[in-house]
Amino acid sequence: MAQKKRDNRTAFFFILPWIIGFICFTVFPVIFMVRTSLTNAKMVGKPKFIGAANYRNMFKSATFLNSLKVTVFFTIVMVIVTAVWAMIMALLLNRKQKLNGIFQFCYFLPSVVPSVALAYAFRTIFGKDAGLLNGLLTLIRGGAVNINWLYDKQTVYLVVFFITLFTYNTGQMMLIFRSGLADVPEDLYEAADLDGASAVRKFFKITLPMISPLVLFNAVNGCISALNGSFALLYPLTGESGDPNGMTQVLSLLIYKEAFSNMKLGYASALSVILFLLAAAFGIAIFLISGKTVYYEN
Amino acid sequence: MKKRALSIVLAGMMAATLAAVGSVPAMAEDGGEVTITTWNEVNPDDSLNMYKKAEEATGVKVNVTVIPESDYSSKLNQMVNTADSSADIMIVWENDIKNFAEAGGIDALDDYLADSSIDTTDFIDAVAKLSDGLGGTYGLPWCAATEIMYYNKDMFDAAGIEYPTNDWSYEDFKAAAEKLTTDGVYGCTIPNLQTWWAGIGGAGDQVYDPESGELVIGEGAVSFLTDCKDMVDKNIMPEPSSDTTDMFAAGKAAMSWQGSWMIGSYAGSLDFNWDIATIPTNQVKYNTLHTGFYTLNANSQNKEAAWKVIEYLMGEEGQTINSKSSANPSALKTIADQGAWKVEAATSITNWDAMTDSLAAGVFGYTCLPSGVTGDAVSKFNSVLLGEMTPEEAVEAASQYAAETIGY
């Protein structure tokens, strides 16, 4: 009994640094954020307690309601697009072929480019009058191509989601899927081959169930990344107002704009609380949906 | 022997190094040391570096902290919020000075000015008005920039159109833009973050109400947006895009409304003949003035030294160097009249009166509003040009967002 207590104390001692960090850098900021969201804090001046006024005003604001809609749409589509792409890349890398290491390096390389630099590079590529892509299309077509990729409501989402394929999040997903695919027992495929199963059938009946815990992990991680990390990609790409016409103004952009352009810290904190709740809701929803679909061997 | 000689040389070098290091704070010990915040890079030419000249003139060591323009206002707000004393002099923008004064983040300068050679009655009228209601003078304008129209003389010659004058009407501008449009060349560029407001103010809207601090746009904005949309549809003006190229500088647009500070950038760098004129007059002659104010951080530990530096920078020599370096006139009328802001490298400019006329017509407008509000409005104006909103919808939505934000 005394030994067990001593072991527990030792274990607690080892995780103490993490607990201190968690309290200082996660718990305290969350409490501070909630508290600030109940005030009219600006960047300068003394804040006053205003109760739930920020939340009431938020739900009357067309800008916020649009941003909420864009955030939900952006998160769902981004998770699907990046996960599917990462899976395709991982499946290709899982094939036994020469130079696999080089392919893996090449697929992962864009992921280590900082999002901001990536966004600026793509902004240049997708320009209208001086864009690289339009220039290339003009050469191929032999006539002027002036597609306004990032400002046309028909193409902006296409471009933004295309760019997300090159972010760190997608590269990370690919590596995780890749490690999972390598662990799928080969005899399952051999048995399926004997039964004459097609490649598609093998994927949906063997591969996907076997790596379903990783799909769940990537979905949750991708969601949180889309909610919080999209700022670094979208701010240099479409600006803090989420051009065109607020179509890309996700909540993280709106929070930045309210806090650092309008100096409304209380309101921005209230928006952050909503983002926090949204991330939690997405996480819970994914776990609920995955309850019946994720297969654990043990 | 060699070792001993080497030791002596090394010891000598160390002593020299220590002496050299010691000489840096020597100036600080004599005249003090101050730090100033700005968003502009310091001029690399020593003869045009006003901070270096201020050091020489006052004996105060001046450290310059350059903060990128996109983060400048929020960084200063954070400094005031946390009673930061790392900067003694802050160049504060129009939309922040009132908040900083009310929060006690900057000192009133009236006591200093009482014994100073700076003549505050010499400031251009708009600057003097900006201090109204603050209960004192909290900042001194470092310069007075304005908005003007740049035009490509070669394109005007080729089209056989007379050059713009300072009494050009808005109708003259539209007619010329249409004639100047050819395949691959636009008649004019799209208004930028600054000059949207020149167009809207010129069309008769107040833009900014100094009494209430509100954004005031309506029929003028609708009218100007309708005109711009028409010009985009006719290919006279490009539609908004992610292109970062300056169409005027690239020789792809004949006219462009931009800040006067672009004179310094264009001087000697454009491979065509160009000149300037005032923004064409629509219902009223309108353009926005731009400046920053030298302010004294209330938490500074070096106020006397900081004031000495401000006094130099606002004096004739400091203002003249600033004008030569930035191409911006002084906000002090007698110094501006001397014309140091007429950048020598801008050899193709003949109509320098455009600057003085613009300054005379200039007001502090949209720059007094939160940048999130004006940025949001410009985003909606761009949506009109892209055909995603009507001008009426854009004006209503921009006003609605401004009402939610201002006075929070």
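Predicted model: local features only at pLDDT ≥ 70, side-chain atom pairs only at ≥ 80, totals over all residues.
Residues are numbered from 1 along each chain as its sequence is written, and chains are lettered from A and ligands numbered from 1 in the order in which they are written.

Strand S4 (140–141) of chain B and S12(B), residues 293–296, pair in the antiparallel sense over two bridges. Pairing here requires that DSSP finds at least two bridges between two strands. Helices (H or I, at least four residues) and strands (E, at least two) are DSSP runs, numbered from the N terminus. In general, strands of a sheet pair through backbone hydrogen bonds, either parallel or antiparallel. The sheet in chain B is open, with five strands in the order S2-S1-S3-S12-S4 and mixed pairing. Its edge strands are S2 (61–66) and S4, each of which pairs on one side only.

Helix H12 of chain B, residues 303–314, packs on this sheet and touches S1 (33–38), S2, S3 (89–92), S4 and S12; the direction of H12 makes about 165° with that of S12(B). Axes are lines fitted to C-alpha atoms, for helices over the stretch in contact, and angles run from 0 to 180 degrees between N-to-C directions. Contact means that the C-beta atoms of two residues, placed from the backbone, lie within 7 Å.

H12(B) also meets helix H2 of chain B, residues 50–58: their axes come within 10 Å and cross at roughly 120°. The crossing is right-handed; the term applies if the near helix is turned clockwise from the far one by less than a right angle, and left-handed if anticlockwise. B:Met50, B:Ala54, B:Ala57 and B:Thr58 of H2(B) make the contact with B:Lys308, B:Val309, B:Tyr312 and B:Leu313 of H12(B). These residues divide into six nonpolar, one polar and one charged. Ala, Val, Leu, Ile, Met, Phe, Trp, Tyr, Cys and Pro count as nonpolar, Asp, Glu, Lys and Arg as charged, and the others, Gly among them, as polar.

Next, the domains. An automatic or database domain assignment supplies the bounds, dividing chain B into domain 1 (27–144 + 290–336) and domain 2 (147–288 + 353–405).

I turn now to chain A, which has 13 helices and zero strands. Its C-alpha trace spans about 85 × 75 × 30 Å along the principal axes. Helices H1 (residues 2–36) and H13 (residues 265–290) of chain A pack at an angle of about 120°, with their axes 7 Å apart. H1(A) and H13(A) are therefore oblique to each other, since angles under 35 degrees count as roughly parallel, over 145 as roughly antiparallel, 65 to 115 as roughly perpendicular and the rest as oblique. H1(A) passes H13(A) in a left-handed crossing. A:Met33, A:Val34 and A:Thr36 in H1(A) meet residues of H13(A) including A:Leu265 and A:Val273.

Finally, the two chains together. Their contact takes 34 residues from chain B and 34 residues from chain A. On the side of chain B, H16(B) gives the most, with eight residues.
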